[in-house]
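Open the model in a viewer and keep the selection panel at hand. The stops below are given in the order in which to select them.

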Amino acid sequence: MMYRGEADERARLLNFAAQLITVPLDDSGTLAERMSKTFPWMLALSPADRESCARDLVEAARASSSTDQRHLAIEELTSWKETATAVAAGLGRSDLEWLDDAERVERP
């Protein structure tokens, strides 16, 4: 017997694993290019970030499987997907304004 959250996490991991298994079936292109076909949100990332993402996802899946820690793969997948979503929304295109001086704020 398992909790609903555990069952949901397991289902997400199995879905991710099923998608990841299809990547080697296409033998054309780099790992990142093949994974971008399976995970189209990766196309929002720069080519260098796609390479990092592909490598990180495979490593997280291997670590997750070998340690029986499902959250490792799911967290990595979620992190990269959210990054791609933020890039697609325009985050990172403009220069950030960093504040040099720390402004003191009184306690409420």
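Which residues does Ser36 touch, not counting residues up to four places away in sequence? Select Ser36 and show its contacts (heavy atoms within 4.5 Å): Met42, Leu43 and Arg50. Ser36 is found in helix H2; helices here are DSSP runs of H or I with at least four residues, numbered from the N terminus. With a relative accessible area of 7%, Ser36 is buried (under 20%; exposed is over 50%, partly exposed in between, with a 1.4 Å probe and protein chains only).

This is a predicted model, in which local features need pLDDT of at least 70 and side-chain atom pairs count only at pLDDT 80 or more, while totals for chains, interfaces and linings use all residues. Residues are numbered from 1 along each chain as its sequence is written, and side-chain values use heavy atoms, with hydrogens and water left out.

Next, select H2 (residues 31-38) together with H3 (residues 47-67): their axes come within 9 Å and cross at roughly 80°. That makes H2 roughly perpendicular to H3 (65 to 115 degrees). On the H2 side, pick Leu31, Ala32, Met35 and Ser36; they meet Arg50, Glu51, Ala54, Leu57 and Val58 in H3.

Move to Pro24, in the loop between H1 (4-22) and H2. Pro24 counts as exposed, at 56% relative accessibility. Its C-alpha atom is separated by 7.7 Å from that of Arg34, ten residues apart along the chain.

Finally, colour by pLDDT, the predictor's confidence in each residue from 0 to 100. Among the elements, H1 has the lowest mean (78) and H3 the highest (93).

How values were computed: Axes are lines fitted to C-alpha atoms, for helices over the stretch in contact, and angles run from 0 to 180 degrees between N-to-C directions. Helices (H or I, at least four residues) and strands (E, at least two) are DSSP runs, numbered from the N terminus. Angles under 35 degrees count as roughly parallel, over 145 as roughly antiparallel, 65 to 115 as roughly perpendicular and the rest as oblique.
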